[in-house]
Amino acid sequence: MAVSAKPAPNRKLAVGAALPHDSAHLHVTGRASYTDDLPEPRDLLHVAVGMSSVAHAEVGDIDLSDVLAATGVVDVCIANDISGDNNFGPIIADDPIFATDLVQYVGQPVFAVAATTVDAARKATRLANIHYSALDAILDPLTAVEKKSFVLPSETLVRGDPDAALKAAPHRASRRVFLGGQDQFYLEGHIAMAVPQEDNCLLIYSSTQHPDEVQMLVAHATRRPANDVTVICRRMGGAFGGKESQAALIACIAALAADKTGRACKLRLDRDDDMIMTGKRHDFVIDYDVGFDDSGLILGIDFELASRCGMSADLSGPVNDRAMFSCDNAYFLENVRILSHRCKTNTVSNTAFRGFGGPQGMFAIEYAIEDIARQLGKDPLEIRRRNFYGKNERNVTQYLQPVEDSVIDEIFDQLVASSDYEARRQKIQVFNANSAVLKRGIAITPVKFGISFTNTLLNQAGALVHVYKDGTIQLNHGGTEMGQGLYVKVAQVVAEEFQIDVSHIRITAADTSKVPNASATAASSGADMNGMAAKKAAAKIRLRLTEFAARHFSVAEADIEFRDNQVRAGSETVTFAELVQLAWADRVPLSATGFYKTPKINYDRETFSGRPFFYFAYGAAVTEAVVDTLTGENRTLRVDILHDCGDSINPAIDIGQVEGGYVQGVGWLTSEELWWNDRGELGTHAPSTYKIPTCSDLAPDFRVELMQSNPNPEDTIYRSKAVGEPPLMLALSAFHAIRDAIATEDCPTPDLQAPATPESILHAIEAAKHE
């Protein structure tokens, strides 16, 4: 029996190096090719979508004669042109590609136009004559709850006896708080190009986080088997969850137009249409009633969550499940009830967004923690520490997963000291006492975020590694690159396995014809799963090379060592490329696949119990903010972050993710406001009215550190931890710093709603005066 190759030396060559993003040089020079930059096939047609102008109505006559007569128009597509399934819903088939006899939100696709230019297609969509018979529209979650309008049944999770605990508690606090949604606002909007191939095959270039799902839904819509549809995505210009399920709609429309016309078709949404037509982060109405003792220990808590899901289920089931899982954040809740309503409204179907329901759940418990502290006249830091999960007791979540890896106490100890939190809080009190208009606030908040898809079957990944006879390598896996640095991390893993420089590895586009059945690049699991799959593929080839080298040089396999771009075989040393050339000449196979499935996880959806997460990622942030109490304007002044990435595969990439996640979270909680009028029309559908953070909004003092000497206790890829989503929730500290700034002795618990726009802040200040 052959023995395995000698393991890589402790001194790592590639893993742990702070390498730049693999496409950084292309990004900054404008040479990175996105879907719209690809060479356009001959006779390409451009597609535009005709959307519903009403929120809820029966559809009568659809007259597209003027559309067809418009200059440059080649053809139109409607629901009757769909030979297969008129659906792009990822879980439940309730999301039509084109509306038929009913429209359910302003912006719902009704038809598409294929024309010779982009402008011709877009202008022609305005010429349609569609008769609508208006129906009553439900436009907000509370109305949906009142009318029992849900996309999915409401769910309840209970642990202990919250009613008895609340009744017996010495203190109670209750509140209703409104938490806004958020548009993903990726720099590259939704786009797909469908190119007919020989023998009825179809090639789709799609800006998508989930090529496999696009492949299957396009196949179903066009009545093809999956092997006749290939989906490719080299990179996206941002996604943040917005291209997990929603990209399938764009690809299906492009594919249907290509089928009908027989020509390549490209659909690229402009910014306004993108924001109107596609889903966003779910906004929530949160009610809670919490009971606690004199020390601030939570004795019982009752949550009721109502989320705006929109007109269809989309991913709202797992998003709201994750919100229920996250209502504890880093705190042990012995007696808890969580009631979750998945509200059907006549607005666009909301979808995945970085955090996937976790941020909303954490927002709820952090608001409760703050209210407890302010009601007792204590520092919220003290109340947070009082309720943290324990190490050996009080360490089981409400869904019955033990918390075995908590480092939140250690993170808080280090961050409180490094940020000089306590001294700064005292200085802020002095500042506020002497400042009538400008008020400062400070807050520290934790993050505990579970890593894995809660749907166990999705926790799998595949990879394909080719070693060419010159010693260079081509790497492919099912993960997609949206700017987060996944590709360079996985390349580092492969480089580490072969002990070669990353420069010898060519990273290739996600391609359903190379790695099939891949899960979405989501749930922060991209590096965990694809990295491990790629490592397994590379290890197969390395073992073959080891076995060959032992035969060729007449040494034991244990005497073969890969290191620093070379391979030592006893007293002989050759370069990696030389060994590969020799192995190729000996007809050693130099290509391999790798497959990985996340271990240990299990979850019973019926009882909301089990181990849905492989492990937890942790972090904490201290934010100091200043508020102008006359205008509501605010600024973050200083940010201190300490985040747990385990043993980081690439600290430069991980720090970038922490910084970007925090800033995006601050946008969600302070400036990014989605607003619909009473006709269900989205009024904030462009950067003129929808305000994401800019460089000028960054705190002038911004400090980020990764926790050191803290490898993941679970056997993840090189003991690293996921970093995509968890940092976003660090921004909760910014919201509570603002609330701290406007709190007064007369009103220590101002009723601040999120996002904390200047208007929201002024409303809270004025309401506090009346109290």
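Analyst: The terms are taken up in turn below. The model is predicted, with local features needing pLDDT of at least 70 and side-chain atom pairs counting only at pLDDT 80 or more, whereas totals for chains, interfaces and linings use all residues. Residues are numbered from 1 along each chain as its sequence is written, and side-chain values use heavy atoms, with hydrogens and water left out.

User: Why is the pair of Y331 and F388 called stacked?

Analyst: Rings of Phe, Tyr and Trp (its six-membered ring) pair if their centres lie within 6.5 Å; planes under 30 degrees apart count as stacked, over 60 as edge-to-face and the rest as tilted. The ring centres of Y331 and F388 are 5.7 Å apart and the planes meet at 10°, so this pair is stacked. Y331 is in the loop between α9 (316-325) and β15 (336-344), and F388 is in the loop between α11 (380-387) and α12 (408-418), so the pair ties together parts 57 residues apart in sequence. Helices (H or I, at least four residues) and strands (E, at least two) are DSSP runs, numbered from the N terminus.

User: What makes the aromatic pair of Y399 and F613 edge-to-face?

Analyst: The angle between the planes is 85°, with 5.8 Å centre to centre, and the pair is therefore edge-to-face. Y399 lies in the loop between α11 and α12 and F613 in the loop between β26 (609-611) and β27 (615-628), so parts 214 residues apart in sequence are tied together. Y399 and F613 also belong to one aromatic cluster, together with F325, Y603, F608, F616 and Y618.

User: How do you know whether Y399 is buried or exposed?

Analyst: Buried means under 20% relative accessible area, exposed over 50%, and partly exposed in between (1.4 Å probe, protein chains only). Y399 has a relative accessible area of 1%, so Y399 is buried. F613 likewise counts as buried, because its relative accessibility is 1%.

User: Which class does C201 fall into, and why?

Analyst: C201 has a relative accessible area of 22%, so C201 is partly exposed. C645, by contrast, has a relative accessible area of 1% and is therefore buried.

User: How many disulfides does the rule give?

Analyst: A disulfide is a pair of cysteine sulfur atoms within 2.5 Å, and the count comes to zero. For C201, the nearest cysteine sulfur is that of C252, 17 Å away, and C201 is in no disulfide.
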